[in-house]
Amino acid sequence: MRRNHISNTLSTLGPTEVCGLDLSQPFDDDLLAEIKALWHSAGGLLIFRDQHLTAQQHIDFSRQFGTLFGSPEGVPLQDTVSRYLHPDHPEIYRVSNQISADGQPRGRARAGTYWHSDVSFRERPASASILYAKELPGIGGDTLFANTEAAYAGLSETMKTLLADVHAVHDFAVAAATQYAKPLVMGDDFDGSNQALHPVFRTHPDTGAKSIFVNPGFTSHLAGFHRSESDALLAFLYAHMTRPEYIFRQVWQDHDMVMWDNRLLMHYAIADYGQAPRYLERTTLLGERPV
Ligand code: SIN
């Protein structure tokens, strides 16, 4: 009964929708392997339609793919977002433009309204993120995904050679300066643990495919270049990575659960819905050190 899901590839980049599969139940080994293979062939983007999960079931589903940020065996996300975590489930990061009855934010407003790859400022950034749509505005609130493997493939051989051994500094301070009001940056977020050096081109550990691993949200500069050179090269890469040909637009439906691979996708949450309520819950998987 659990195998009656239908896969439908939504664009040439591979994003695939899966219908008729109940994520609240644990997968057996065969089904888990099938979903992982489908995820890789889907350009790292699976859309599971019509899901009805508790927070614990969302966590249990996610744990089948690895260790979660915020779990006892994992590491926390940066302190600055701790106020947006689910009060009973620190593995769940909440995104919302709403205020709770007690006057506290129900989640982070305008979260991810910039191109980024989740937690790329850590030595071990996020592999997957799994976002569950619980309340959506009538219009707007879509999320864009940019496929950085396709973008890598679209570079000239000369550009690939120039940047082949170059590393980039990723730093939470970049987002803190542009996306967070200063008093809201909390704790020890500038103590160095939210800063990392990663190769500009990384190789996916499961597929062997190369992608471009820099993003405007968190990348500070390219190591070994003058700042003006780094700025120019990053500006070129960002313009290239966000060409329309590499973009998929997720138009959310109620109860969608979207699982994306941060190793080959950047994303951007479009904040175009004003005060219309939008509430989503995200788990985030701890990845490996990029190589
Ligand atoms: C995020 O995880 O960056 C938020 C994405 C969204 O709200 O669509």
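**Group meeting: a walk through one chain**

Of the 291 residues in this chain, 42% count as buried. Keep in mind that this is a predicted model.

Start with the overall picture. The chain has six helices and 15 strands. Along its principal axes, the C-alpha trace spans about 55 × 45 × 40 Å. Now the contacts. Take those with a separation of 6 or more: 77% of them join residues 24 or more positions apart.

Helix α1 covers residues 29-41, which is 13 residues. At 1.5 Å a residue it should span 18 Å, and its end C-alpha atoms are 18 Å apart, so the two agree. Just after α1 comes G43, with a positive phi of about 60°.

On to strand β5, residues 126-135, and one of its residues, S127. Is S127 buried or exposed? It has 23 C-beta neighbours inside 10 Å, and the cut-off for buried is 20 or more, so S127 is buried. Which residues does S127 touch, beyond its neighbours within four places in sequence? They are G66, D261, N262, R263, L285 and G287. S127 and W260 are 133 residues apart in sequence, yet 8.4 Å apart in space, C-alpha to C-alpha.

Last, the ligand. Around the ligand sit V95, A111, G112, S129, L131, T143, H267, A269, L280 and R282. Strands β5, β14 (265-269) and β15 (279-286) each give two or more residues to that shell. By type, the shell has five nonpolar residues, four polar and one charged.

Technical notes. Residues numbered from 1 in each chain as written. Predicted model: local features only at pLDDT ≥ 70, side-chain atom pairs only at ≥ 80, totals over all residues. Helix = DSSP H or I, 4+ residues; strand = E, 2+ residues; numbered from the N terminus. Expected span 1.5 Å × (residues − 1). Buried ≥ 20, exposed ≤ 12 C-beta atoms within 10 Å, placed from the backbone. Contact = placed C-beta atoms within 7 Å. Near = placed C-beta within 6 Å. Nonpolar A, V, L, I, M, F, W, Y, C, P; charged D, E, K, R; others polar.
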